Structure formats: C-alpha cells, structure tokens
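Please look at how the parts of this protein meet one another. The paragraphs below take the contact surfaces in turn.

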There are 2 protein chains.
Amino acid sequence: MKKLINDPKNVVTEAVEGFAAAHADIVRASTDPIYLVRSDAPSNKVGIVSGGGSGHEPMHGGFVGYGMLDAAVPGAVFTSPTPDPIVAATAAVNGGRGVLHIVKNYTGDVLNFETAADLAGADGIEVRSVIVNDDVAVKDSLYTAGRRGVAGTVLVEKIAGAAAQRGDSLEEVTAVAEKVIGQVRSMGVALTPCVVPHAGEPSFTLADDEIEIGIGIHGEPGRERVKLQPADAIVDRLLGPILDDIPFASGDKVLLMVNGMGGTPQVELYIVYRHAAKVLAERGIEVARSLVGNFTTSLEMQGMSISVLKLDDALTELWDAPVQTAALRWGR
Amino acid sequence: MKKLINDPKNVVTEAVEGFAAAHADIVRASTDPIYLVRSDAPSNKVGIVSGGGSGHEPMHGGFVGYGMLDAAVPGAVFTSPTPDPIVAATAAVNGGRGVLHIVKNYTGDVLNFETAADLAGADGIEVRSVIVNDDVAVKDSLYTAGRRGVAGTVLVEKIAGAAAQRGDSLEEVTAVAEKVIGQVRSMGVALTPCVVPHAGEPSFTLADDEIEIGIGIHGEPGRERVKLQPADAIVDRLLGPILDDIPFASGDKVLLMVNGMGGTPQVELYIVYRHAAKVLAERGIEVARSLVGNFTTSLEMQGMSISVLKLDDALTELWDAPVQTAALRWGR
C-alpha cells in the first residue's frame, strides 16, 4: 500500500485537522466527537448536516460553508459515522428553525442518522431527513437496500443549502431537497480499485483490460464487467440507463455533472464531458449548467460517474446562488 | 494502458473541446491552431498568455478567465506547444497594452515561446516573458537547463493576472511576476509514475516500497529514491530544501500550497498540509494563505508537491483579488 499517510488509524483525524487548518476562514473542526462546522455559525436559518464514511472527499467536508452545508460528519474510511457526532453536529447548527439531514442511501448511514435524529428530537431539535438514491446502476447492493446515493448528493446539498441560506423554512428546504432527489440520476465506472488504508489491500480486482460498469463509490459491484473500450462507448453505457430512468426527454434543461473518482486525470473527465454533452444535444436535451471535477471520490480509484439533474427555473436559481466552501465557490 | 480516452492522438483536441463546452461562460477554444482564450476578451488591459505540454491540468487552461490568464496554449501531452498557436493566442489577447508570456523553464517551452515572442514582436505586439523556475529539487534536468518550473507557476499566474486585471502596465505586471518567481520555491514527490497516452507505458518505474523525492512533473528524476515512509517524514524531506533555499525566516508570512499530482486522494493532501503548516509554525513562519488541491498535475501520478511563497501586503492583495476561472474562483 503506497499512501501519503502516517498511521492508517489516524488518517481521518489528521486529514480533518489539516482541512480545518487550511480553510479556517470557512470551517472549524470539532475533534471529540469529530465533525466540521461553518466557522461563521449562522443562527437564523435552517441548519443542514450531511456526513458519511470518509474517502469520498471533498464530500462532505468540502461542502461546508456559506450557501451549502452547516456541518459535515465524517466516519472512518468507507464507514458510517456513529450517531454521537451526528447529534453533536445537529445541535451545533440548530438555530431554532430546525435541521435537515442529507443522507446517502447506505444501510449504516440511514440507521445512524435516524438514531441521531431521534436523539436530537428528544432534545427538542426539529430534524427532517432526506435519503439520496441517485445511482441507477443496481437495485440493492452490498451496503444498501434500494438504490445507492452517489455524486448526485452534491447537487442536493448545493440546492438545499441555497434554499436554507435565503431563509426558507425546514419544510421548504426539505421539499426542494426531495425535488432534486426525484430529478437526478447517476451511474459510474471504475478502471481501477482503491485501497482502504486500514485494509491495505484493494477491495476488489479488475483485469488489466477490464472495467466495472455501474461501480459503487465503495467499490461495490455494478452491472457488469466489460473489456476496456473507447471513452465514448463507456459514456453511452452510462448515459443510456440514466436518461431512460426518469426518463429525460427532448426539451428538458439539465445540469450535467462529470465526477472523477479521485485518480482520474482531468483530461479524461473532459473527454467524457465532451461526448456526454453531444449525446444530450442529439436527444434534444439542453445542458444549461455543468460541473466537472472530483466531487464524490473513492480515494485513488480511477473512473468517473455521470449525473444528470433536470432543472427548472427555481432549481437553476438555487444552483446559481452564491456559495463559499472549500470545494465549490462562486458569487462570493 | 487503462484510460478514459478514445484515440491517443485525439486526447488533447477532445479534452480542449470538452473543456470549452463545459466552461463556455469563461473560455472559448480556437481549434486551428489550438488555444483557449477568455470568452469576454477584454481589450483594455495587458494580456497574459501561458502554455506548455498537456497532462498538467488544470494548468493552464483551467486558469484562463477574469483576473488570471487571457489565453492558454496546450501542447501535446508533456510536449511544448509550437510557436504558431502561441503567436495566435498572443495576437488574440493583445489589446494594445502588450502581452506577458509566463513560461515554465523547460528547454522546449522557452525556445518556442521565445520564437513566438519574436514573431509577435515583428507584427508590432510588445511581448515580455518571464521564466518560472521554482523547483529546488535539482539544477539541470531531463528537459531543462537550470531549475524546472512547477506548481509555483499557478501563483505567478494568479498574481500577475490580478495585476493586469486592475490595469497595471506591461512593465508593472512583468515586475510583479518576477517578484513572485523570486519568492516561491517548490519540491515534489512521486509514489507512482503516470502513463503518457501516446507512449502507452510508464515513463519510469518505482518499486512497491519506493518513492522519488524531487520528482519532475514529467516524471524526470529527482534527488533520490528512498523507501516509502510516513507522510510527515516525506514532508520534512521536501520542506527542508524549500525553506533553506531563499531562505525563509522566522517572521515571514507565506502562502502554503499543497498540490496533488493528479492521482492522490484528497485526504492525503490534507495530511501533508497539516504537517507542513506545523513545521512552518515551529519555524516562526506564518501561513497567511493556503491552497490545497490538484493544480499542476502529471496525469494520474500519485504524489504531491509543496510550494511556499513569501508574501507581503502587495502580493497578498493581488492574491485575494477576484478571480473567475474553471479551477480557481473567488470574489465573483
């Protein structure tokens, strides 16, 4: 295992410390229990908390800040955070208008956020939860009943965060998050596996000429293993199921996201974007907004995912609203 | 070779097309010859052009936009662009106040930018050039006489770009670029090599337990190959030569940049940042600004570089000035 780490058991703690030090203008870290919270700590808005296993950075810590998340709770690598830090983060961002939990659909995350919501509720904090399940690759998976939550979560967090920032109520923020979840679909591909630090071995193997279509962000099996093929053909294999799912239709305006899995060169992401945009145009679907880069990663995995979100004027306005986080920033 | 590409010979063209499509609000692409240029094409300021071999993205195309570069000229992967596109890009951004070329110190880049400057000069465009050589690892290298230009180039481009944006003259913009070059030092490490698409093989090999200290961004040899060691020890090996070089001294204010080589998980970059910031604090050096992420990459290489730039009030003001590019954005 070749990694720039010290002790595998300190990876998350040290990364969180480094992150908070590098972005002290935006976040501060609580270390016991571990969570990241906005350093400006606004109190007059609905709070938004997300979290999940580490190893998917910048998700979620990189999305804490003005106009997006109020707190992020990182678990161990690829492991759900326990309820305690979720409760603590929820209490830290509660300004009296309630708190929304944005949860990716993995059994551990769902259970632990549910427990945390109950505990916070018992302390008098009004908590709502939404479950993101944008991955069309498979129904039920290694750690999931139903569909998995993947890179579409970034779009849910940005748009719900903008609604909370402008002062929407907990009910309204929850509704817009649910709306995004209903309108975003994703699917990914892996060229190589990644190595979880405390495991020291790849969680799966792929032959030199093999790729996994529909990979999960923890390396969970996808739809099929196929031979390596040209990027455009791979894009077709992902976009087909995505577009057929809602389905997306001619005349739709969409946000097209090409997300790197962590180890993919940027030139490859743009080669993917190029063909994806072309396919959408051929179907009469207008790419109104774009996002390309590493947003929901799997450590050093090489691969990418495509997400398509159907936009309307209301969602576009929230997407465009100012945001100031470590990983997404505009308008400020 | 496992890559998300179509034909190796079309990698740069297709990536540039995808990039321009994804960021049409910021850049547009010329395809014959190939260069990227600001879509808002301001004419009342000094123009700034950079460029070099592809494979280091987001450098340089990701830095084209308000407050940074006016144009970027990508060569083939790890290959200098020829003079023609440099001349075309220079002419495209010349608004009559002259053009600055920001060139990384590689023999091919220096020669081709020099030829281009002569040709543009013959067409009546006033061109100045600065050569970035921030890498303290080695004197003279595979493609370089003198020190190599690496990630510190990003800081030169941001700060010179801000000076040009506020209306400084060509002489002033050149002077501030030279000042940054004089005050920034960098050094990198590789854990793994990368594969150039048209070569299909890694350009060098490292044993499973071996890393290369002082690696160049094209995989050029560094100072030494050593056994894999804890991240903190690796940081010490890079920071020592960096800090001793100018030298940096107690009381200095600096910008600390931790740059990913393309395939490094973000948690690792922040573990590196954490220790680097600690070492600087112990030496009485204040980290006034930070930048962590993939800015000057070597395709999918795993590794990172550290850059330290000595700041003063004038440079800090230019660093903080608004910027709107695909890869760096704040204040707008």
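Three salt bridges are found across the interface of domain 1 of chain A and domain 2 of chain A, a salt bridge being a side-chain nitrogen of Lys or Arg within 4 Å of a carboxyl oxygen of Asp or Glu. Lys179(A) forms a salt bridge with Asp312(A), and the closest N and O atoms of this pair are 2.6 Å apart. This is a predicted model, in which local features need pLDDT of at least 70 and side-chain atom pairs count only at pLDDT 80 or more, while totals for chains, interfaces and linings use all residues. Residues are numbered from 1 along each chain as its sequence is written, chains are lettered from A and ligands numbered from 1 in the order in which they are written, and side-chain values use heavy atoms, with hydrogens and water left out.

The two domains of chain A span 15–182 for domain 1 and 184–323 for domain 2, with bounds that come from an automatic or database domain assignment. Their centres, taken over C-alpha atoms, are separated by 22 Å, and the contact (heavy atoms within 4.5 Å) takes 39 residues from domain 1 of chain A and 43 residues from domain 2 of chain A. About 3400 Å² is buried between these domains, with carbon and sulfur atoms giving 66% of it; buried area here is the accessible area (1.4 Å probe) that two parts lose on being put together, summed over both. On the domain 1 side, Phe78(A), Val136(A) and Leu155(A) lose the most area to domain 2 of chain A, and together they account for 18% of what that side buries.

Lys2(B), Leu4(B) and Tyr270(B) supply 20% of the area that chain B buries against chain A, which is more than any other three residues.

Five salt bridges are counted between chain B and chain A, and one of them joins the side chains of Arg274(A) and Glu17(B), at 2.6 Å from N to O.
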